[in-house]
Amino acid sequence: MKQVTATGQNVDEAVESALAQLNTTKDRTEIDVIDEGKKGIFGLFGARPAVVKVTVKIDAIEEAVNYLKAVGAQLGAPIEVDVQKEGKTILFTMSGEKIALLIGKRGQTLNSLQFLTQLVMNRYSDQYTTVVLDAEDYRKRRNETLVQLAERLAQKAVRTGQTVALEPMPSYERKVIHTALMSNKKIKTYSDGTEPHRHIVISPSK
């Protein structure tokens, strides 16, 4: 964490001095006034300089991007990261020649990275933020696959009259399944088990 203590004839001057030393702007810092200073008689006798401590705020998004790039470098798969903000959701889209290494089988590596990136984000963010991590439109393709899977297994549950349990999947993928089958009155869906083995069960309506 970068911070400096600076002095000046008044608080504003002390702050400007600190900002110059940190090479940053006021909106990216936290300012703690240690001493407002004193002009003294005729501006000379008994004068005391103003003292401030200025700390550079940690940018949560920047920390998350640096984390992702560090992971990519460690895996021998350098990446670039594009960031988009949608309310309290931050979408990080990774790209690179060896991006498949960061997606993994059935997106398992991508899901783990998303979880860890969210921890990094919320460690430094002032408010809770939802992180979505994507690469090569994997999320879109995965969602389409999940919807098709949901519809197929719902038909199986209705046809056999028996419950069907899906494989464990993260909460946002379970939400895709629930949403896809929400209007199907012939079945009902619910989540069962504990993380990381929590999964969806599709059951025929009685």
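Colleague: Tyr128, buried or exposed?

Modeller: Tyr128 counts as exposed, at 54% relative accessibility. Exposed is over 50% relative accessible area, buried is under 20%, and partly exposed is in between, with a 1.4 Å probe and protein chains only. This is a predicted model, where local features need pLDDT of at least 70 and side-chain atom pairs count only at pLDDT 80 or more, while totals for chains, interfaces and linings use all residues. Residues are numbered from 1 along each chain as its sequence is written, and side-chain values use heavy atoms, with hydrogens and water left out.

Colleague: Where is Tyr128 found?

Modeller: In the loop between α4 and β6. Helices are DSSP runs of H or I with at least four residues, strands are runs of E with at least two, and both are numbered from the N terminus.

Colleague: What does Tyr128 touch, not counting residues up to four places away in sequence?

Modeller: Lys88, Gln118 and Asn122. Touching is contact, meaning heavy atoms within 4.5 Å. Lys88 sits 40 residues from Tyr128 along the chain, yet their C-alpha atoms are separated by 7.4 Å.

Colleague: Zoom out. How is the protein chain divided into domains?

Modeller: Domain 1 is 3-56, domain 2 is 60-136 and domain 3 is 140-204. Those bounds come from an automatic or database domain assignment.

Colleague: How many residues do domain 2 and domain 3 bring to their contact?

Modeller: Five from domain 2 and five from domain 3. Their centres, taken over C-alpha atoms, are 27 Å apart.

Colleague: And the secondary structure, how many helices and strands?

Modeller: Six helices and nine strands. The radius of gyration is 26 Å, well over the 17 Å that the globule rule gives for 206 residues, so the chain is more spread out than a compact globule. That radius is taken over C-alpha atoms, and the rule is 2.2 Å times the number of residues to the power 0.38.

Colleague: What box do the C-alpha atoms fill?

Modeller: Roughly 95 × 40 × 25 Å along the principal axes.

Colleague: What share of the residues is buried?

Modeller: 33% of the 206 residues. Among contacts with a separation of 6 or more, 55% come from residues 24 or more positions apart.

Colleague: Back to single residues. Where is Ala77?

Modeller: Ala77 is in the loop between α2 (60-74) and β4 (80-86). Ala77 is buried, with a relative accessible area of 1%. Beyond its neighbours within four places in sequence, Ala77 is in contact with Gly72, Lys98, Leu101 and Leu102. The C-alpha atom of Gly96, 19 residues away along the chain, is separated from that of Ala77 by 7.1 Å.

Colleague: Domain 3 next. Arg174, buried or exposed?

Modeller: Buried, with a relative accessible area of 7%. Arg174 is in helix α6, residues 171-181.

Colleague: What is Arg174 in contact with, leaving aside neighbours within four places in sequence?

Modeller: Met169, Ser191, Glu195, Arg198, His199 and Ile200.

Colleague: And Val15, which helix?

Modeller: Helix α1. Val15 counts as buried at 4% relative accessibility. Ile31 and Val52 touch Val15, not counting residues up to four places away in sequence. Lys53 is 38 residues away along the chain, with C-alpha atoms of the pair separated by 8.2 Å.

Colleague: Now backbone angles. What is the phi of Asn23?

Modeller: Positive, about 55°, although Asn23 is not a glycine. Asn23 is in the loop between α1 (11-22) and β2 (29-35). At 72% relative accessibility, Asn23 counts as exposed.

Colleague: And what about the phi of Asp137?

Modeller: Asp137 also has a positive phi of about 55° and is not a glycine. Asp137 lies in the loop between β6 (130-135) and α5 (138-160).
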